Amino acid sequence: MPKLTRFTTLSLSLSLCGRILLGLSAATAATFAVSPVVLAAPKASKSIAVHVEGPNADAIREDILSIVPKTLEVVEPAAFSKALKGAGQTKPVGDAVVMKALRKKALDRIRKAGKTVKAEGVIYGVSRTNKKKKKEVYLVYVDENAGDLAVDGAVPLGGSDDDRQKALEDLLGPTLAQIAPPPADEKKDGGGGDGDGEGEGGDGEGEDGGGDGDGEEKAEGDKDDGGPARKRNDVRSALFSVELGVEFVGRWFDYSDALSQNLRPYSVFGQPALSVSGELYPLAGTNIAVLKGLGITAGYARALGLNSAVGDGDPLSTTYQRINLGLRERLTLGESTVLGISAGVRFVTFEIDAPDDLAATVPNVDYTIFRAGLDARIPAGPVALALGADYLMPLSSGPVYDRFTGASVQGIGATAGVLVPVAKGIEARLLVEYARFFSSFQPELTDDYAAGGATDQYLGIRLAGAYIY
């Protein structure tokens, strides 16, 4: 029998895909246009500059900002970088800031740049690998005083996020507490910020509820429970993420050991589909073990304008859609690798609207699947790699399997891709997803449909944009 082929041409698919991608680009530009502007601190407040160079500099700077008290304004990074170049420091400082005998010129330039941007002081960090082959960030606090530095030490970058956060607070917290103005309500009460405050730390730590210093990075509504603040736009602690993309989909269905002549294989590739997915972590702003990383996941994809045909026959309207619902536990390994453990249900429908004479031969399916999987997000230079594997157990399979005696169906899935940061909280994604269902049958001599088994394969190549909050 002739093999079913895709009716819609690939050229039309590519044209539609281009239009969708153009729309996604416009949506990204609109996101920048409507992004809320961070309000400047009151004129009476003091300001500091925070600058980090070396590997993972942006992530380390965000960790530092998360412990800066709300009453301290932070100088824009671009403004300080410009002032630093104007002061004569055109190259990274590197290990010169660590070697006390060689760092005078560098410190003088950092001090000059701080004065240019009218900062009370500068937290300057160098991310490096020390002589013991351990990753660390060496931090100094440079102000107008040319004497001993108030901060002059290293924070290890290994271990858990909580360990690193505590080490940063231990090193920087006392100095930040001394220079941070007290909150407005504390001034009215005459507290001044030098007493015990509301917390137990004294020395002004009470001004921000125990020294969390969530600064601008703490999201609205986050619970203050004594743990480190949730950082916005960070995949390790995001409250939610949303992805919108276009996908080129393919399907291949074939029989093994066919014994009857009424078995029709199927293939299609390059059909465009729209996809949308998201994750929500309701307790991400807390410090409750396990629950802070537990999220709800959902996704939907549907092919656009898919038709099928037998040889040169009339086109047959075809529906392909995929729905995912589940739970995911998010874990952070090392500095920034994120591991996901997930489980849920997936609904896959592939249905060809065939007339009666063909309906009994087309491979229509309607899977209801239990899914369990692992996924990982691994940094690789300026981008990240996405990897995943799923076990798929169909709870129901649909019409094509109902024709066979003793049908047993199992499945596996895999994901791989590249995630490219575009702006704060926004990234472009190229992902390849594959699913394979393999079945075995127990044919009998009197069966109308007889085969040893079948394979049903799905491939999706997805171009998407995502926002992470």
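Guide: Let us begin with β7, which gives the most to the lining of the second largest cavity, with three residues; strands are DSSP runs (E, at least two residues), numbered from the N terminus. This is a predicted model, in which local features need pLDDT of at least 70 and side-chain atom pairs count only at pLDDT 80 or more, while totals for chains, interfaces and linings use all residues. Residues are numbered from 1 along each chain as its sequence is written, and side-chain values use heavy atoms, without hydrogens and water.

Visitor: Which residues line the second largest cavity?

Guide: The lining consists of V249, G250, R251, V268, Q271, L306, Y320, F350 and Y458, since lining residues have an atom within 4 Å of a point of the cavity, a set of points on a 1 Å grid where a 1.4 Å probe fits but cannot get out. Its volume is about 30 Å³, taken as the space filled by probe spheres set on the points.

Visitor: Why is D257 called exposed?

Guide: Exposed means over 50% relative accessible area, and buried under 20%, with partly exposed in between (1.4 Å probe, protein chains only); D257 has 59% relative accessibility, so D257 counts as exposed. D257 lies in strand β7, and its phi is near 55°, a positive value in a residue other than glycine.

Visitor: What makes N233 partly exposed?

Guide: The relative accessible area of N233 is 22%, and therefore N233 is called partly exposed. N233 sits in the loop between α6 (184-188) and β7, and has a positive phi of about 60° although it is not a glycine.

Conventions. On a 1 Å grid over the protein atoms alone, a cavity is a set of points where a 1.4 Å probe fits but cannot get out, and a pocket is an open set with protein on both sides within 12 Å along at least five of seven lines; lining residues have an atom within 4 Å of a point. Helices (H or I, at least four residues) and strands (E, at least two) are DSSP runs, numbered from the N terminus.
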